Amino acid sequence: MIAIADAVAEFLLSKKAGRRSPATLKWYKAMLKPFVESFSTYQIGHATMSNIAMWLINQRGSPMTLYDRDKALRGFWSWSVVAYEIKNPMISIPTPVLPEA
């Protein structure tokens with residue numbers, strides 16, 4: 001298996017190969033950075049729903065930032081299911097409600 005930090009780097013590379021805009025790439029990198037800092041030594045198949053849920057609960061920031069981090073993580077894990085043939089540890093974590101503008 002691959003370390004989460006390396007998997008996120010591959011995810012970002014796949015987004016770049018998919019011709020995502022520089023702004024989109026910057027957004028993903030910024031939203032995933034705190035997660036990578038916390039889980040960099042974990043192997044991709046070893047992160048659990050509990051680990052990720054606790055990380056999400058302990059995050060600080062505006063409601064929109066917290067929503068965006070969740071959204072970026074869901075994209076990463078959905079991609080990881082295909083790339084690494086693992087189960088999605090976020091599948092049973094409910095999607096947060098979008099903050100009202």
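**Aromatic pairs and helix contacts**

Modeller: A search of the whole structure, which is a predicted model, finds 11 aromatic pairs. One of them joins Phe11 and Tyr28, whose ring centres lie 5.2 Å apart with 85° between the planes, an edge-to-face arrangement. This pair links distant parts of the chain, with Phe11 in helix α1 (residues 4-17) and Tyr28 in helix α2, 17 residues apart. Phe11 is buried, its relative accessible area being 0%. Tyr28 has a relative accessible area of 14% and, since buried means under 20%, is likewise classed as buried.

A second pair is formed by Phe35 and Trp55: the ring centres are 5.3 Å apart and the planes stand at 85°, so this pair too is edge-to-face, the class for angles over 60 degrees. Here again distant parts of the chain are linked, Phe35 belonging to helix α2 and Trp55 to helix α3, 20 residues apart. Both Phe35 and Trp55 are buried.

Ring pairs connect Phe11, Trp27, Tyr28, Phe35, Phe39, Tyr42, Trp55, Phe76, Trp77, Trp79 and Tyr84 into a cluster.

The helix packing supplies the setting for the two pairs. The axes of α1 and α2 come within 10 Å and cross at roughly 170°. Because angles over 145 degrees count as roughly antiparallel, α1 is roughly antiparallel to α2. On the α1 side, the contact involves Ile4, Ala5, Val8, Phe11, Leu12, Lys15 and Lys16, and these meet Leu25, Tyr28, Lys29, Leu32, Phe35, Val36 and Phe39 of α2. Sorted by class, this contact of α1 with α2 comprises 11 nonpolar and three charged residues, with no polar ones. Phe11 and Tyr28, the partners of the pair described at the outset, are thus both among the contact residues.

Helix α2 (residues 22-39) also packs against helix α3 (residues 49-57), their axes coming within 12 Å and crossing at roughly 125°. The two helices α2 and α3 are therefore oblique to each other. Their crossing is right-handed. Pro34, Phe35, Ser38 and Phe39 of α2 make this contact with Asn51, Ile52 and Trp55 of α3. By class, the contact of α2 with α3 has five nonpolar and two polar residues, and no charged ones.

Note on methods: Residues are numbered from 1 along each chain as its sequence is written. This is a predicted model: local features need pLDDT of at least 70, side-chain atom pairs count only at pLDDT 80 or more; totals for chains, interfaces and linings use all residues. Side-chain values use heavy atoms; hydrogens and water are left out. Axes are lines fitted to C-alpha atoms, for helices over the stretch in contact, and angles run from 0 to 180 degrees between N-to-C directions. Helices (H or I, at least four residues) and strands (E, at least two) are DSSP runs, numbered from the N terminus. Angles under 35 degrees count as roughly parallel, over 145 as roughly antiparallel, 65 to 115 as roughly perpendicular and the rest as oblique. A crossing is left-handed if the near helix is turned anticlockwise from the far one by less than a right angle, and right-handed if clockwise. Contact means heavy atoms within 4.5 Å. Ala, Val, Leu, Ile, Met, Phe, Trp, Tyr, Cys and Pro count as nonpolar, Asp, Glu, Lys and Arg as charged, and the others, Gly among them, as polar. Rings of Phe, Tyr and Trp (its six-membered ring) pair if their centres lie within 6.5 Å; planes under 30 degrees apart count as stacked, over 60 as edge-to-face and the rest as tilted. Buried means under 20% relative accessible area, exposed over 50%, partly exposed in between (1.4 Å probe, protein chains only).
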